[in-house]
Amino acid sequence: MSKFTRREFLKTGGLALAGLTIAPSSILGKSHGHVPPSDRLNIAAVGIGGMGHTNINHVKATENIVALCDVDWRYAKGVFDELPNAKKYWDYRKMYDEMGKDIDAVIIATADHTHAIITADAMTMGKHVYCQKPLTHSVYESRLLTRLAASTGVVTQMGNQGSSDEGTDLVCEWIWNGEIGDVTKVECATDRPIWPQGLNVPEKEDRIPKTLNWDLFTGPAKMNPYNEIYHPWNWRGWWDYGTGALGDMACHILHQPFRALKLLYPTKVEGSSTLLLNACAPQAQHVKLTFPARENMPKVAMPEVEVHWYDGGMMPERPKGFPEGKQLMQSGGGLTIFHGTKDTLICGCYGQNPWLLSGRVPNAPKVCRRVPKAMSGGHEMDWVRACKESPSSRVMPKSDFSEAGPMNEMVAMGVLAVRLQGLNKTLEWDGANMRFTNIGDDETLRTVIKDGFKIHNGHPSFDKTWTDPVNAKAFAEELIKHNYREGWKLPDMPR
């Protein structure tokens with residue numbers, strides 16, 4: 001490996017590793033593609049100040065944390081101090097170059113817009129990956145990671161821990177057993193955002209702290225002047241870096257419908273929201289995604305289904321017969337309602353505490369594998385388990401990219417529906433080819449740059465600054481597949 005530059009290795013690595021699993025197995029003298037259960041994985045972590053810290057805490061007792069990388073060393077200081085023997089880095093690319101031969105797996109918990117490139121580079125090098133939700137910032141990135149997982153054979157897991165919770169298992173088992181009949185409508189909601197959204201672009205440029213590398217934080221996105229409103233954490237509400245409340249919570253709340261109803265690509269999407277700004281996610285959103293009929297299961301049909309998403313305080317109607325005085329959203333800031341032809345199934349965030357509106361308690365066969373203590377580290381440790389198993393008998397974790405990738409496309413489609421709402425139509429989607437089929441070549445789109453609403457002497461003035469009209473098809477294509485900043489490039493899409 002030392003004979004190649006990183007760029008040369010990444011260009012050829014996907015082909016070279018297509019039939020392999022983890023590269024360090026041969027380098028470290030272990031049986032190829034298999035880490036014995038008694039051995040510890042050597043894990044690197046990228047993005048360690050927030051959820052990355054939690055992920056590390058869930059694996060550090062049994063595995064070796066050998067390298068830590070973050071673009072903000074003040075935010076990451078506590079983790080650096082906890083793990084003084086791990087080598088510290090600013091730039092994940094330098095970490096991969098220097099530590100590649102010593103790393104078995106990578107935990108990635110950076111801002112949304114850098115998930116795909118850091119994850120893709122790790123997979124191309126043959127490293128197992130655990131990536132936080134949302135898996136990616138765009139549809140194309142999700143498709144890429146799905147295919148890279150298949151071509152490289154590495155173990156993958158998205159950080160939507162509810163997919164390993166028994167509540168998700170029960171939702172699937174009840175629906176598959178026909179307990180609520182055929183489902184034609186699902187409504188989902190969250191109480192997010194709990195960070196600022198609906199903001200104008202800041203007008204002043206702040207001095208970049210010495211502990212923050214703003215260029216590395218920006219990564220493949222366009223370079224904006226630094227302002228403290230963006231980082232830490234608040235990046236979630238800004239389109240260049242995050243995906244808003246939908247991206248933050250939908251991987252927890254839409255995963256149960258996606259898995260239980262065997263969904264793949266929607267055929268139609270439409271979105272609406274409070275004031276849509278060019279740079280910042282709106283304060284509240286509603287998205288409707290329509291999925292075509294799927295192959296029927298033995299005990300339940302899979303007809304066309306509408307999936308609705310609400311956030312920012314917007315909520316679905318209380319189902320007929322819902323107990324008076326009972327709060328509609330109960331567990332963990334999330335809600336999912338499955339409207340069946342025989343009954344209504346309701347659960348909270350992560351699929352927790354599922355129950356039927358009729359009051360019946362189903363006795364469905366247990367057909368889903370259970371993960372012990374999924375909500376307190378079992379999700380990460382299930383990934384660790386799979387990393388150590390022989391590829392010939394490996395049981396993949398609950399949110400590996402074969403499922404998490406297509407499911408994240410569903411989330412990214414919701415963002416697209418909101419950002420393209422100015423076209424004033426239901427958008428028709430060709431999922432296999434990742435393109436909208438009813439945006440005309442000459443259609444244009446404008447969005448608001450700045451909301452200048454003011455009240456002067458009791459009189460309101462509505463003064464919005466709009467973008468110039470842009471070609472809608474080109475704008476949509478860039479949202480589907482981002483044009484990365486110079487110096488940043490994804491691996492090629494495997495065929």
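Exposed here means over 50% relative accessible area, buried under 20% and partly exposed in between, with a 1.4 Å probe and protein chains only. The model is predicted, so that local features need pLDDT of at least 70 and side-chain atom pairs count only at pLDDT 80 or more, whereas totals for chains, interfaces and linings use all residues. Residues are numbered from 1 along each chain as its sequence is written, and side-chain values use heavy atoms, with hydrogens and water left out.

**View 1. Salt bridge between D206 and K204.** A salt bridge is a side-chain nitrogen of Lys or Arg within 4 Å of a carboxyl oxygen of Asp or Glu, and here the closest N and O atoms are 2.2 Å apart. K204 counts as exposed at 54% relative accessibility, while D206, at 13%, counts as buried.

**View 2. Salt bridge between R370 and E166.** The two side chains meet at 3.2 Å, N to O, and the pair links distant parts of the chain, 204 residues apart, with R370 in the loop between β13 and α12 (378-388) and E166 in helix α8 (residues 166-176). Helices (H or I, at least four residues) and strands (E, at least two) are DSSP runs, numbered from the N terminus. R370 is partly exposed, with a relative accessible area of 25%, and E166 is also partly exposed, at 37%.

**View 3. The open sheet of nine strands.** Its order is β13-β12-β11-β7-β10-β9-β8-β14-β15, with mixed pairing, where two strands pair if DSSP finds at least two bridges between them. The edge strands, β13 (355-356) and β15 (435-436), each pair on one side only. Strand β7 (residues 183-190) runs parallel to strand β10 (residues 305-311) and is joined to β10 by five bridges; E187 has H308 in β10 as its bridge partner.

**View 4. The largest nonpolar core, around F338 and F436.** A nonpolar core is a set of buried Ala, Val, Leu, Ile, Met, Phe, Trp, Tyr and Cys residues joined through side-chain atoms within 4.5 Å. This core has 111 residues, and F338 and F436 are those with the most contacts inside it, while helix α13 (residues 401-419) gives the most to this core, with eleven residues. Leaving aside neighbours within four places in sequence, F436 is in contact (heavy atoms within 4.5 Å) with residues including V269, M413, L416, W429 and I480. Apart from this core lies another, of 21 residues, among them A86, A105, W383 and V384.
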